[in-house]
Amino acid sequence: MKKAEVVFIPFPAPSHLVSTLEFAKLLINHDNRLRITILIMKFPHFTETDVYIKSLPISDSLNFINLPECSLPPNTNPRSAFGALFEAQKPHVRQAVSDLTTGEQHGPIAALVVDMFCTSMIDIAKEFSLPTLVFFTSGVASLGLNLYLHTLCERDNVAPTQLQQQAELAIPTFANLVPSTSLPGSVLSKEAESFFMNNVGGLKNADGIIVNSFEELESHAVHSFSSHPELSSLPIIYPIGPILAPEPKTKSIVEPDDIIKWLDDQPPSSVVFFCFGTRGSFDEDQVKEIAHAIENSGARFVWSLRKPQPKGAMAPPTDYSLSDLSLVLPEGFLDRTRGVGRVIGWAPQTQILAHPATGGFVSHCGWNSTLESIYFGVPIATWPLFAEQQTNAFQLVVELKAAVEIALDYRVEFNEGPNYLLTADKIESGIRSVLDNDEVRKNVKEISEKSKTTLLEGGSSYTYLGRLIDYIMNQV
């Protein structure tokens, strides 16, 4: 029997692509009637995604089509670059879908699954009369916030940036009022206005939205989609997470095995892990503040310290050489902390979070990192950088009580520096709190247990996944 074909169009950044590929694997492992074809867009400066793709086994259920590369003008603002990339790729996507539609060796296409940033591709699905599902790689509360703010902008005829004139906003997917300083960068930036309106407007055109989260974590947000009049008329949501990323094979200035061996020698829940995602880095002044905070706290630590790119470059941070490290850190720091901590480059994040010695995580609050930290039961100290990370940080600290605050409103914009310098005493306070706050630790452990059962039979994500597959099969 020919399988029902589902075509995936992921966003080519690692933080999106990897969870999309893991979701694809989850689908075909759950139901052998499905075949998935993934259309891979190449994006300049996102070469690290190749590692993941090459590691995946191609089978009769999982297939990849590499779309032709499209060049972009240099020094383009990322949001403009994404829009230009998607427009340039539309003819290639259209051709690939057409070939799959007419090819006799495959079953019928049941649906397109597009990334949350690729909603302009819904136009192509409509050309072929195919239903479209969006894969939303952040949380349900964040999804609801974007959709609700878009509705406010359309209803009241205001620009997204005007929303920040209110100190706090009532958002249906949040139980507490949300400060305007915790809104995502796409709402606060004038350059991002058209991106926000077009992209979120695209979400409303989908037939359903798949969310990498789970009801036991975000029960208020999930329930608001069926109970709040502004949300209940929107596409149905399927929270099917947590989908966690496997570790890529990447070299660091310290090999992953060395770090794990060092952690093996540390007491349980005693080490604070500092890591800020694939694109997180700091200037020299901020690095020194972090170093002073670590040293003054006396805490054991593992610090993933990355070297920033020059302003305007879209490439991700790189690792420092050992000689460069001593130039950015306070003089003698590495010698004085040799017994209690390690400074590394790229970090094997899931391995470190899974280690019993890890007791706290100073994090940028990217959604993948948030899910990993919760899954492994490690409390977060929040330090958001960009995108929707400020919203996630607020949710973790205020809504879920699953994190302590270092900052909620720290923000870095493309081609600009941060909005302020976080001082050593503020960071030190967060380090101490993430290790000592018993209430937060207890909450995280409880959610952690639920995150491990939600995709098993009887769990909410298992149920939503079944409903999603039923929907897809009914389209054939």
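This is a predicted model: local features need pLDDT of at least 70, side-chain atom pairs count only at pLDDT 80 or more; totals for chains, interfaces and linings use all residues.
**Loops and backbone**

I started at Ala-387, which sits in the loop between E16 and H16. My helices (H or I, at least four residues) and strands (E, at least two) are DSSP runs numbered from the N terminus. Ala-387 has a positive phi of about 55° although it is not a glycine. At 39% relative accessibility, I log Ala-387 as partly exposed; for me buried means under 20% relative accessible area, exposed over 50%, and partly exposed in between, with a 1.4 Å probe and protein chains only.

Residues are numbered from 1 along each chain as its sequence is written, and side-chain values use heavy atoms, with hydrogens and water left out.

Next I looked at Ser-269, in the loop between H10 and strand E10 (271-275). Ser-269 also is not a glycine, yet has a positive phi of about 50°. Its relative accessibility is 33%, so I count Ser-269 as partly exposed.

Which peptide bond did I find to be cis, with omega near 5°? The one from Gly-241 to Pro-242. I placed Pro-242 in the loop between strand E9 (236-239) and helix H10 (256-264).

Tyr-320 took me to the loop between strand E13 (318-319) and helix H12 (322-328). Is Tyr-320 buried or exposed? At 6% relative accessibility, Tyr-320 counts as buried. I also noted that its C-alpha atom and that of Ile-344, 24 residues apart along the chain, are separated by 8.7 Å.

**Helix H15**

I then turned to H15 (residues 367-375), where eight of the nine residues are buried, so this helix is largely enclosed by the rest of the structure. I listed the buried ones as Trp-367, Asn-368, Ser-369, Thr-370, Leu-371, Glu-372, Ser-373 and Ile-374. What do they pack against? I found helices H1 (14-30), H14 (349-354), H16 (389-399) and H18 (438-451), plus strands E15 (358-363) and E16 (380-382). Just after H15, Gly-377 takes a positive phi of about 70°.

**Cores**

For cores I used sets of buried Ala, Val, Leu, Ile, Met, Phe, Trp, Tyr and Cys residues joined through side-chain atoms within 4.5 Å. The largest has 93 residues, and Phe-23 and Leu-149 have the most contacts inside it. Helix H5 (residues 140-156) gives the largest share of this core, nine residues. Setting aside neighbours within four places in sequence, I find Phe-23 in contact with Phe-8, Phe-135, Ile-210, Ile-240, Ile-243, Leu-465 and Leu-468. A second, separate core has 65 residues, among them Leu-325, Phe-361, Ile-374 and Val-404.

**Helix pairs**

For the angles I took axes as lines fitted to C-alpha atoms, for helices over the stretch in contact, with angles from 0 to 180 degrees between N-to-C directions. Under 35 degrees I call roughly parallel, over 145 roughly antiparallel, 65 to 115 roughly perpendicular and the rest oblique.

H1 with H19 (residues 460-474): the axes come within 11 Å and cross at roughly 80°. That makes H1 roughly perpendicular to H19. Phe-23, Leu-26, Leu-27 and His-30 of H1 meet Tyr-462, Leu-465, Leu-468 and Ile-469 of H19. I sorted this contact into seven nonpolar, one polar and no charged residues, taking Ala, Val, Leu, Ile, Met, Phe, Trp, Tyr, Cys and Pro as nonpolar, Asp, Glu, Lys and Arg as charged, and the others, Gly among them, as polar.

H5 with H8 (residues 219-227): the axes come within 8 Å and cross at roughly 40°. I therefore call H5 and H8 oblique to each other. Val-140, Ala-141, Leu-143, Gly-144 and Leu-147 of H5 touch Ala-221, Val-222 and Phe-225 of H8.

H5 with H7 (residues 193-204): the axes come within 10 Å and cross at roughly 110°. That makes H5 roughly perpendicular to H7. From H5 the contact includes Leu-143, Leu-147 and Leu-149, and from H7 it includes Phe-196, Met-197 and Val-200. The contact of H5 with H7 divides into eight nonpolar, four polar and two charged residues.

Definitions and conventions: Contact means heavy atoms within 4.5 Å.
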